[in-house]
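Here are my notes on the model, as numbered points. Please read them with the structure open.

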Amino acid sequence: MKVKRRLDYTPPPFTISSVELNIKLHPTHTRVESTLTVSRQGVHNEPLWLDGEGLNLVSVKVDDSDITAQVQVSETGMSVPCTQDTFKLHIVNHISPSTNKALEGLYQAGNAYCTQCEAEGFRRITYFTDRPDVLAVYTVTLSAPEEGYPFLLANGNKVNERTENGERIATWHDPFPKPSYLFAIVAGDFDVVEDNYVTASGRDVKLAVYVDKGYASRATFALQALQRAMRWDEENYGREYDLDVYMIVAVDFFNMGAMENKGLNVFNSKYILADNATATDKDFFNVEAVVAHEYFHNWTGNRVTCRDWFQLSLKEGLTVFRDQQFSADMSSPLSTRLSQINIMREHQFAEDASAMSHPIRPDEVIEMNNFYTVTVYDKGAEVIRMLHAILGKERFRQGMDTYFERHDGKAVTCDDFVDAMQSATTTDLSHFRRWYSQSGTPVLSVGKVVNSESGEVTISLSQHTKPTAGQPDKHPLTLPLRIACYTSTGKVLALSKASEGIKVLSDDLIMFESECAELTFNSHDINPPTEPVVFTALGDFSAPVKVEQSFSVSERSIVAMADPDPFNRWDALQSLYNEGVLRCQAGESANLNDLFSVVKEVITLHSHDAHLLAELLSVPSVESLIQQQDDVDPIKLSQARAEFCRCLAISLNAELTAMLQAPSASTYAYEQEQVGERKLRHALLMLLSYLPDTNAFIEKLYQVSDNMTDTLTALNAAQRCNSQTFIALMHDFEQKWHGDSLVLDKWFGLHATQPSRDILSTLTLLKQHPKFADDNPNRVRALIGSFAFYNTEGFHAKDGSGYKYVTDYLMELDKVNPQVAARIVTPLIQWQKFDQAHQQLMKTQLSRLLNEPGLSKDLFEKVSKSLA
Ligand code: 0A1
Ligand code: ZN
């Protein structure tokens, strides 16, 4: 299959400055009429190439003369002979939205029509130069039967709307030139929640959220989140909204989270619909974050867009960073940061350790949809965060202002972004740029603290990145390190010297750029032999690396109690838990008391802060523990983790039980104090549920809960109760919520992650559930995705049955929706971390997939790379 390479980029031989579309909607015969204004770029006599897939061509005219017989049409597009330098091209084609189950291009979501064009979906609507550096002004006329389609929406501002002979007809004009991937239309009947927003400069913007009929009350939170995001972007980045209307449409069939189409965002309903009865605290958090993410794209993505798809992180890494900043401002900054760090450790490190490892700016792509990854998005955001740390808040903002000034209305590259940042600082960023081209997770090794007679302590640093697919030789990267050196009583030592390879940016921030280097701190004022000194290097997880540092339990205890940085304090306990799991794995579960006494001390110190306590009491997930080891037997690891949790619960039973409270009397609200209380209850029950006498509390919590967060905490904990209790509560839950697909997805997910012996029969039964549907990505992800990603013992079953089950399913799903199939195959291609026996079983299934006739490009790329 064809590989595209970043370095092969050439500017487009033709540009298209305006597009007029006339779309007559019909389930199987939608007629698309397109008039393009095309100009040749430079001097050449190549024909015009237009991308097009799955289209039925009717006719082509150049400036009114019919050339249908002269064009050459293939499976991927058409070649148009042309001699003029500027001309109008008129194309008519047909498409069939009702049979489009891949959900790219124009498709039907329930009764509504909607589009998804990123990355390369526009070519499934009409012939076009479907690449992000061709920016055009669009005017779109839609028509559909008045009955059933009272709302006809497109990008920009509505310029005309009427009804003729039972047909509704609407025309929209978007004055901002945009790439085809930001094109969108929607047609259907909805409930609308509306409000307005007055921008900082006093312009009035109409805001509208369109949802399925009957769901209006679930859309108000999203609308308010949008208003908060608009204000935040003005206050923090000086960015105002630019059209007169901002529309969001929520649909039930969507491959991803949401899409930032200009002025007309389309959302997976999971990230819009939220009310007090059906949404968890996490759902509210996610709705706000995704609404903000798509809104922030209006500047980072839409006004300034990507030159080519290899530059995807230009808009995604930056926009994720901006939405993370926003979420931290709207909720608990520490919890927000820790959940991002967990995504890195559980999923991005896993990607980096697999054959799909790629730099945040990839070099080679077969199917672009495979590169909407945790690397491009989340590691991309960490790279922006490092720039933010290096430049500091003010200079970073200056760099952003320069970026917008230089590139508004243009399609640019990651290099252009770093150039703008460079213009705002005297710190040399040339070495930093390597983060864009080198893949893999660097390991930072921190040596022992060495005390010298002369009143100094010295620490050695080194970095190393293992070879990854296609990159055998690795180079040192620029690691901004937030450092601290202090004694057990919290006395801070001043940095006195840094060797070559280190640039000191401030008292606590250095840039480490070489393979190894040394730091020296002044210890005159302290007495090291009696006052132990510790050193930490990664405050706030200041670089996306793994740290190797041999700490004793008592040193970790000092970090957990006295480090100036909350991430470090939390992480010290995480590594103690990690050590505890390792001891259990080695059969030493009787030898954990030294660890537990540290945990006790730390939680006593923080007993007043529910958010923090909840984080401190969260034992690392199996997924993140896997990334700490090699040659992993996943079943043994999962059992060792469970054993460790059980021992921890026994040892801290009194403390944990004392903190465990039933929900307070106040009615549910998504506000931070209550969120902290529920989060703590969740963390406590995740441990206490390992003890049989917690069953009664769990059942009681399920009965009294007035909100989805506590209800799910109870159900989650009940996964470890006796199976009768779990079955009874799940049955009750289904009775209550069978009419609500989004809530039912949580139920599918709970079943799929249940550690039960006959999980595969359960999955088979659930696939026949009246609410399950292979063509609905949310249902598929809830059931099969949850199983493959999070049911360690079922998926990794010793006999390979879990792998085979998922593979059989993916073979079928690939024919319906290759994009979703390629996402769910992820855990299977990440075999590198496991022991030989598991690796073999995983590869056997991957080979079966690879031999499957007609495999999609999506699956082919991931599976073939993983077997290469
Ligand atoms: N740009 C969107 C994500 C997105 C990407 C691809 C899609 O379909 C293939 C859909 C959405 C975002 O970052 O939110
Ligand atoms: Zn995005």
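1. Arg 123 counts as buried because 23 C-beta neighbours fall inside 10 Å. The scale used throughout places C-beta atoms from the backbone and calls a residue buried if 20 or more other C-beta atoms lie within 10 Å of its own, exposed if 12 or fewer, and partly exposed in between. Arg 123 sits in the loop between strand E11 (112-116) and strand E12 (136-145). Helices (H or I, at least four residues) and strands (E, at least two) are DSSP runs, numbered from the N terminus. Beyond its neighbours within four places in sequence, Arg 123 is in contact with Asp 51, Gly 52, Glu 53, Phe 128 and Asp 130; contact requires the C-beta atoms of two residues, placed from the backbone, to lie within 7 Å. Glu 53 is 70 residues from Arg 123 along the chain, with 5.8 Å between their C-alpha atoms.

2. On provenance and confidence: this is a predicted model, in which local features need pLDDT of at least 70, side-chain atom pairs count only at pLDDT 80 or more, and totals for chains, interfaces and linings use all residues. Residues are numbered from 1 along each chain as its sequence is written, while chains are lettered from A and ligands numbered from 1 in the order in which they are written. The protein chain has a mean pLDDT (the predictor's confidence in each residue, from 0 to 100) of 97, and 100% of its residues reach 70 or more. For the complex, the predictor gives an ipTM of 0.99 and a pTM of 0.99.

3. The protein chain is split into domain 1 (14-184), domain 2 (305-437), domain 3 (442-533) and domain 4 (568-867), with bounds from an automatic or database domain assignment. The centres of domain 1 and domain 2, taken over C-alpha atoms, are 32 Å apart. Contacts between these two involve eight residues of domain 1 and nine of domain 2. The domain 1 side of this contact has five nonpolar, no polar and three charged residues. In these classes Ala, Val, Leu, Ile, Met, Phe, Trp, Tyr, Cys and Pro count as nonpolar, Asp, Glu, Lys and Arg as charged, and the others, Gly among them, as polar.

4. Which residues come nearest to ligand 1? They are Gln 116, Glu 118, Met 256, Met 259 and Tyr 372, out of 14 residues around the ligand; a residue is near if its C-beta atom, placed from the backbone, lies within 6 Å. Strand E20 (258-259) and helix H2 are the elements that give two or more residues to this shell. Domain 1 and domain 2 each supply at least three of the shell residues. By class, the shell has five nonpolar, five polar and four charged residues.

5. An open sheet of eight strands runs in the order E6-E5-E9-E3-E2-E12-E15-E14, with mixed pairing; strands pair if DSSP finds at least two bridges between them. Strand E6 (65-66) and strand E14 (157-164) are at the edges with a single partner strand each, so one side of each lacks a neighbour in the sheet. Within the sheet, strand E3 (30-40) and strand E9 (86-95) run antiparallel and are joined by 10 bridges. One pairing to check is Ser 34 with its bridge partner in E9, Ile 91.

6. Strand E10 (105-109) is mostly covered, with five of its five residues buried. Five bridges join E10 to E11 in an antiparallel arrangement, and Leu 106 is opposite Thr 115 in E11. The hairpin of E10 and E11 has two residues between the strands, and Gly 110 takes a positive phi near 65 degrees there.

7. Strand E25 (443-446) has Leu 444 and Val 446 on a covered face and Val 443 and Ser 445 on an uncovered one. In a regular strand the side chains alternate between the two faces of the sheet. Four bridges link E25 to strand E27 (456-464), antiparallel, and another four link E25 to strand E35 (546-549), parallel.

8. Helix H18 (708-718) is mostly covered, since 10 of its 11 residues are buried. The cover over its buried residues includes helix H2 (281-296), helix H16 (672-688), helix H17 (695-704), helix H19 (723-737) and helix H20 (741-752).
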